[in-house]
Amino acid sequence: MAQKILLKNINIPGINTFEVYRQHGGYAAVEKALKTMSADDVVEEVKKSGLRGRGGAGFPTGMKWSFLAKPEGVPRYLVCNADESEPGTFKDRYLMTHTPHTLIEGMIVSSFALGANTSYIYVRGEMMPQIRILEKAIAEAKNAGFLGKNILGTGYDLEIYVQPGGGAYICGEETALLESLEGKRGNPRIKPPFPAIAGLYGCPTVVNNVESIAAVSWIVVNGGDEYAKIGIGRSTGTKLISASGNINKPGVYEIELGLSVEEFIYSDEYCGGIANGKRLKAVVAGGSSVPILPANLILKLANGQPRLMSYESLAEGGFATGTMLGSGGFIVMDEDACVVRNTWNFSRFYHHESCGQCSPCREGTGWMEKVLHRIEYGHGKMSDIDLLVDVSKKIEGNTICPLGDAAAWPVASAIRHFRDEFEWHVNNPKAAMDGNYGLANYADPIPVVEEAS
Amino acid sequence: MSEKVKVTIDNIEIEVDPGTTILNAARMIGGDVVPPAMCYYSKLKGSGGKCRTCLVKVSQGSAKDPRPMPKLVASCRTTVMDGMVVQNITSPEVVEARKGVVEFLLINHPLDCPVCDQAGECHLQDLSFEHGKDQSRYEFKRRTFEMVDIGDKIKLHMNRCILCYRCVFTADQITDNRVHGILGRGDASEIGTYISKAIDNDFSGNVIDVCPVGALTDKTFRFKNRVWFTKPVDAHRDCDKCCGKVTLWYKGEEVIRVTGRKDQYGEVDEFICNTCRFDKKKTSDWTIEGPTKVDRHSVISSNHYDEKELLPVIDRKIF
Amino acid sequence: MLAVKEIKFSTEALKKVDEIIARYPESRQKSALLPLLHLAQAEFGWCSTEVMDYVASLLNINPIEVYEVASFYTMYHLKPSGKYVLEVCRTGPCCLVGAEKIINILENKLGVKEGEVTPDGLFSFKGVECLAACGYGPVLQIGPEYTFYENLTEESVDELLTQLRNKN
């Protein structure tokens, strides 16, 4: 059985309450950090752990923390990004629902490490039930002396507040989140300055994902070195994977990074194979923005080696044959799924969620959606396919925030790997409306490429 | 104490004060190396970064850290570092990206220049002429908005808007009470007041001057004349609200429009008040300084077509 | 004409308003805008101009700042809606497991188009983007509590509608 860190006690009845959580060793990290460690010690342990941002970008958390500016007399903030909205990702919802104190404990330790006395958890507005759960957990922790003034008699003060969003995917981008938290439209800021220098209210701020913050408690209790032993290479620790789509057992799984993709999809411990006895066609491995891969490329690398669930292995092959771990939103499509329809669907999502601030994203996402809609509904032209590739290139890298890239990649990758399916849609509009292209050769073994000389 | 920093833009070296943006450094050099800017406005704090027309390539970050920047950057919001090397028109990547941005800005623009008062002094016209493709690949219905009345002095034509946010910054920074803003999201964003409300205060007219396109125009000048048939004259008056330095636009003997004085990038030198703009339209209200200096290449400088010079033949299919 | 109901929070809600504003540093009360709009929507049903102006006055900001924000985020209803707004996720993962079918079923059963209100004023439905519950799709949520209904089928949708109707 693989090691569990975040979800270890998830099945214990009442673990969502302070009492039960505490009985099972909860808040030990707060005691250890506040009573025996300095703030810098905590940062050091997190650095040693190799923990990487679990929200999608995979940036080392410890390094992000060490960038935080510490000018005299200026408050610093920790903001937890719980605006989980990346299609395919629902791990934070799961964690906050079932074990909210894991997050609160992590928040206290992380705030201590960063020298923050006020911290916010920005939860997407649609998660009102989770907001209530967190507020209750905060009240319980405060009652027990783990929050408020002079925590555990150590002289450290901390208040944590939960902030609801209003319904906007873009607020998952950290600077848009800060704007939103300031009561404004969720327009991402132009960087620099980065939040570490000027974030919330112009003060130095760290924004971390729920899962990253939750992992900090374990790291403090067990040490960064122990955490770094789990996983593979620079992908240390465990990761929550949200598995959805056409699989037998959709849900949230905690895996040790380095597990093979094949095992994750087919073993009974995880997804339990493709639902209804169908065959695997494609996977979007890290949330809707990452490149989609056909069955053969997701299971194996271009050199025939098995592909692993890790930052590096999933990215192996670059955009030609690889993808990304992203936020761990693992969307599985079976042979009946239509890649064109799915691409159009994602494209509609990004069009809907574009904040409209910068021109390539505002105009380009809508354009791509319209062209994809036309192809899906039988009015496409062969030239549309190249047009989509070109428009996606004109958006990618040219926008203020990564939403532009996130909108461009699914389209570009779908055409890269499933061009024949797009062409089939153009050539057979009627058939495409009634049926679908099926598995074709997407699951065929890939020819092992020769080493490039 | 501030020592100058050296930056190279399209192989031209210049020394500037630390904290200068790439765009402003390029403007100091002048000429073709200046990136176009549709949303940046030097007099408005926080403006810029949105339109993406001023993207440039930083092929060397600084002397200390010579690595190139991974993506194209908005030159209006990126400050120069000592030893930075920037490519604007010498980078095919930049030229291509800019073409893309221009195409994006135009796909939903009504292209109604023949009936637009801004024609002739429109930055989007200049931009598409200088940096755009000769043809759009967009085949869908253009986005339209319902007309919104924002008072008897200013005409809002949302269909033409490129969402540069300049007018919002203007209202925020030089007027007391902002009543208009950006409503909606994504490509449905629009400038508006939400409930029909007149944008009316002493300095509201400046939103007309900062608008790079024909989205905000002067209602008192509406359909009066094409700008290239008018004669701009610099003038001033004693005004208790503003500097009183303006440009008067004459049609024959009649002042048909008053605007702030604009520099070569279309930015006003100083903001003017609504009294000067809308209520002082007699020559006797003003002390005339002389004809406004207008760029020789501007359509405004040529009130007639030179018969000796052949008209340019445009053999490309335009849209 | 209906008498215009005065837009004012209850004493209890006003206490909550103060509590929310106290979460932020001094002069940063605008941060309370999103939570206050949620509160107002729960209390008054939707964000009318009067409601938004009231929120602006509570926070001492220009009304346009509220309009800008309320029109940016999808959760704020700028038009009156049914008592129950059924928000069905329509994004990729949910569609792989039949969300589009559920939307069709709702349209047929309620006899209204997306965004319209049923004649009894009880229901409206709309397709919304990813609700971060992809593993339990198809899903829908109902405000203002945002209760979740997972793994929807034709039968469970039927049952839900009956249940809600019976409450009234």
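**Entry 1: a cysteine in chain C.** I began with Cys94(C), which sits in helix H5 (residues 92–96) of chain C. I kept in mind that this is a predicted model. Is Cys94(C) buried or exposed? I found 30 other C-beta atoms within 10 Å of Cys94(C), so it is buried; the cut-off for buried is 20 or more. Next I listed its contacts, leaving aside neighbours within four places in sequence. Cys94(C) is in contact with Cys89(C), Ala99(C), Cys134(C), Gly137(C), Pro138(C) and Val139(C).

**Entry 2: the binding site record.** I checked UniProt for chain C. An unreviewed entry there places a "binding site" at Cys89(C), Cys94(C), Cys130(C) and Cys134(C). How do these residues lie in space? They cluster, although they are spread over 46 residues of sequence. The largest C-alpha distance among them is 9.0 Å.

**Entry 3: another cysteine of that site.** I turned to Cys130(C). I found Cys130(C) in the loop between strand E2 (123–128) and strand E3 (140–142) of chain C. Cys130(C) counts as buried, because it has 30 C-beta neighbours inside 10 Å. Which residues does Cys130(C) touch? Not counting residues up to four places away in sequence, I noted Cys89(C) and Thr91(C). I also noted Ser85(A), Pro87(A) and Phe349(A) as contacts of Cys130(C).

**Entry 4: the domains of chain A.** Those contacts took me to chain A. The domain assignment gives domain 1 (18–229), domain 2 (235–334) and domain 3 (339–434) of chain A. I looked at domain 1 and domain 2 of chain A, whose C-alpha centres lie 27 Å apart. Their contact takes 20 residues from domain 1 of chain A and 19 residues from domain 2 of chain A. Which elements give two or more residues to the domain 1 side? They are helix H5 (91–98), helix H9 (210–222) and helix H10 (224–229) of chain A. H5(A) gives the most to that side, with three residues. By class, the domain 1 side has eight nonpolar, seven polar and five charged residues.

**Entry 5: chain B against chain A.** I counted the contact between these chains next. It joins 26 residues of chain B with 22 residues of chain A. On the chain B side, helix H2 (residues 92–107) of chain B gives the largest share, six residues. That side has 14 nonpolar, five polar and seven charged residues.

**Entry 6: the sheet of chain B.** I traced an open sheet of five strands in chain B, in the order E2-E1-E5-E3-E4, with mixed pairing. Which strands are at the edges? Strand E2 (12–16) and strand E4 (73–74) of chain B are, and each pairs on one side only. I then looked at strand E1 (residues 5–9) and strand E5 (residues 84–87) of chain B, which run parallel and are joined by three bridges. Val7(B) stands opposite Met84(B) in E5(B).

**Entry 7: helices on the sheet.** Helix H1 (residues 22–29) of chain B lies across E1, E2, strand E3 (55–60) and E5 of chain B. H1(B) runs at about 115° to E2(B). H2(B) packs on the sheet too, touching E3 and E5 of chain B. The direction of H2(B) makes about 160° with that of E3(B).

**Entry 8: a domain record for chain B.** An unreviewed entry places "domain: 4Fe-4S His(Cys)3-ligated-type" at residues 93–132 of chain B. That span is 60% helix and 0% strand, and its end C-alpha atoms lie 14 Å apart.

Conventions
Residues are numbered from 1 along each chain as its sequence is written. Chains are lettered from A and ligands numbered from 1 in the order in which they are written. This is a predicted model: local features need pLDDT of at least 70, side-chain atom pairs count only at pLDDT 80 or more; totals for chains, interfaces and linings use all residues. UniProt positions are given in the numbering used here, feature names are shortened, and annotations may be inferred rather than shown by experiment. Helices (H or I, at least four residues) and strands (E, at least two) are DSSP runs, numbered from the N terminus. Domain bounds come from an automatic or database domain assignment. Two residues are in contact if their C-beta atoms, placed from the backbone, lie within 7 Å. Ala, Val, Leu, Ile, Met, Phe, Trp, Tyr, Cys and Pro count as nonpolar, Asp, Glu, Lys and Arg as charged, and the others, Gly among them, as polar. A residue is buried if 20 or more other C-beta atoms lie within 10 Å of its own, exposed if 12 or fewer, and partly exposed in between; C-beta atoms are placed from the backbone. Two strands pair if DSSP finds at least two bridges between them. Axes are lines fitted to C-alpha atoms, for helices over the stretch in contact, and angles run from 0 to 180 degrees between N-to-C directions.
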